[in-house]
Amino acid sequence: MRFVGLTEVGIGGNDTIYYYTLAEYWSRGHFVFSIGDSVKVSRPVLLAFNTAALQLLGHTDYAIKWANAGIDTLNIVLVGLLAWLSSRRWLVTIAAATVYAATPMALWAARIELPHVLSTTCVLLAAISLCASIERNGVRSRSAWAFGAGLGILLATLTHEELILLATPFCLTLLLDSVWIRQEAWLASLLMPALAALAPLVGVVLLLSAGSAEVADISASAGEAPTILFTMLERVGRNLTVALVGSFSWVSAVLILAASALLVIKTAQSDRLNLQQRILAIFLIGTPLIAIALYSLFFASLFPRNVLPLVPLWLTVLCWAPALALQRPWTQGLTLALVTLVTVGSNLSSYHDFKVANRRFGHEFPQFELPSPENWERSIYRLSISANYDTETYWNHWRNIHTALKDRVNEKNRLLVVPSTVFYAPGRRALQTDAYFGDDAIYRLDHTGTGLAQLVREKQIKFVIWTTGQLRRPPTMVSLYQYDHRWGTPETIDLAASFGIPAYSEQSEGNSVLRFLQRVGAKQLRVFEAGSWDQGRARVFELPDSQ
């Protein structure tokens with residue numbers, strides 16, 4: 001499910017193109033965190049991972065996707081290992097790993113170049129190290145595993161900066177272990193100052209981070225403590241609901257909350273759990289709650305895909321609680337099989353509105369929704385698009401253009417890309433990546449002050465492609481590409497004035513380009529299959545040799 005058809009997708013999307021381009025820069029020894037005036041990505045572990053994928057798997061347009069799919073396959077095993085270390089039950093292990101393997105958000109994240117799969121790996125390794133530390137008796141062994149947990153959180157933070165929030169529940173768990181089980185007052189006295197310093201550290205890192213979420217201004221509520229308290233409670237509740245429903249579904253969210261309550265009761269009552277398991281149960285339940293509560297202090301809304309690293313913790317709780325409540329193995333097996341089927345089915349049914357990449361979804365409480373045949377049908381179609389299962393969209397548009405023209409375009413027969421609103425942001429131009437045409441793809445936006453005839457001569461342009469596959473708003477300020485991987489400083493631009501038209505639109509620019517092509521005798525090429533997504537949105541022209 002994670003690898004099928006992955007080599008046919010290519011570079012597409014939005015941030016995905018940017019991460020790919022940054023990896024290409026790193027592969028050439030340019031260790032930058034931003035390109036042109038685009039956003040700064042302070043995620044060195046992610047960029048190093050992507051670069052290694054290009055180096056080890058070959059400089060192809062699917063290498064990073066393959067690496068992500070591979071690391072998420074490892075995540076399935078790690079989810080099972082976390083469930084085993086917590087519960088010591090094989091049925092829980094199999095159920096948790098199975099549900100994660102079939103979670104649509106995990107499938108989607110495993111097939112693109114975004115950081116969430118790798119950050120999940122880091123958090124899983126940290127959680128497994130924490131479990132191992134709690135179960136060890138020797139001071140050196142415990143300290144080594146605790147160090148591993150801290151290293152995992154550090155790597156996760158350098159993959160996605162908001163994950164520094166997990167340091168708080170991890171430290172609290174180690175503190176609880178030292179005080180409750182070990183009764184080591186000296187260790188507690190060392191950890192307390194560290195915990196006291198943690199909150200401002202989290203705040204500084206988040207406020208200075210290049211994260212995309214909007215930093216919240218809590219004091220803007222009214223200034224009164226009751227109002228601020230109500231605002232925070234509402235925000236935490238909404239963000240928790242968005243995280244659960246956005247990652248899974250309403251049905252799964254209710255099941256996870258019920259399983260959490262059941263696990264709390266059993267932790268307090270059951271003599272079937274030792275002290276270490278009780279601490280692990282508290283850790284699994286409390287970590288997502290604390291992380292989302294801290295997140296709500298700094299951010300007004302939550303982007304569901306950012307909580308993928310928390311999904312393994314929720315799934316372990318979901319599968320452990322019913323197994324703990326039941327005595328007989330066959331009842332445990334039937335119950336876990338039912339929980340698995342219901343969770344997987346409801347998650348798929350809830351995927352139709354693509355919550356994982358919908359920023360607007362996190363601004364209000366999700367509407368309640370139950371599975372239905374109509375939603376399953378819509379969700380399967382949505383997943384086929386977002387995960388690129390044999391579906392033509394703008395995700396593979398750029399690859400299809402390259403496939404159609406790769407044997408014709410070179411440094412003496414370059415490709416002009418129009419209109420000027422084709423995805424133009426620095427680092428997000430798929431056709432200018434090294435995997436495709438590189439500097440042999442000329443974006444007209446970079447040459448608005450040059451007439452078409454002069455541009456064709458100077459840049460030795462042989463082919464022109466007009467595509468509406470991924471347009472953006474007409475830019476008013478933009479960094480222009482200066483070739484050889486160099487970008488100019490941001491400058492204002494007026495497309496209408498540059499093209500001598502009263503008001504800019506793609507149609508007006510297209511009319512002028514078409515008149516030029518007709519005047520010089522260019523011919524239209526049939527390079528895309530009739531009726532295809534690409535043929536409906538792109539036209540390719542070949543200029544005569546005289547031009």
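1. How many helices and strands does the chain have? The chain has 19 helices and nine strands, where helices (H or I, at least four residues) and strands (E, at least two) are DSSP runs numbered from the N terminus. This is a predicted model, in which local features need pLDDT of at least 70 and side-chain atom pairs count only at pLDDT 80 or more, while totals for chains, interfaces and linings use all residues. Residues are numbered from 1 along each chain as its sequence is written, and side-chain values use heavy atoms, with hydrogens and water left out.

2. Of the 547 residues in the chain, 57% are buried, where buried means under 20% relative accessible area, exposed over 50%, and partly exposed in between (1.4 Å probe, protein chains only). The chain exposes about 23300 Å², and carbon and sulfur atoms supply 60% of that area, as computed by the Shrake-Rupley method with a 1.4 Å probe, only the protein chains shown counting as cover for residues. Among contacts (heavy atoms within 4.5 Å) with a separation of 6 or more, 76% join residues 24 or more positions apart.

3. N50 lies in helix 2 (residues 44-57) and counts as buried because its relative accessibility is 0%. Leaving aside neighbours within four places in sequence, N50 is in contact with Y19, A23, I64 and E113.

4. Helix 15 (residues 373-386) has 14 residues, which at 1.5 Å a residue should span 20 Å, and its end C-alpha atoms are 20 Å apart, so the two agree; the expected span is 1.5 Å times one less than the number of residues. The buried residues of helix 15 are N375, S379, L383, S384, I385 and S386, and what covers them includes helix 5 (104-110) and helix 14 (329-349). Just after helix 15, N388 takes a positive phi of about 60 degrees.

5. F147 is found in helix 7 (residues 139-157) and counts as exposed because its relative accessibility is 59%.

6. The structure holds zero disulfides, a disulfide being a pair of cysteine sulfur atoms within 2.5 Å. C122 counts as buried at 7% relative accessibility, and C319 is buried with a relative accessible area of 0%.
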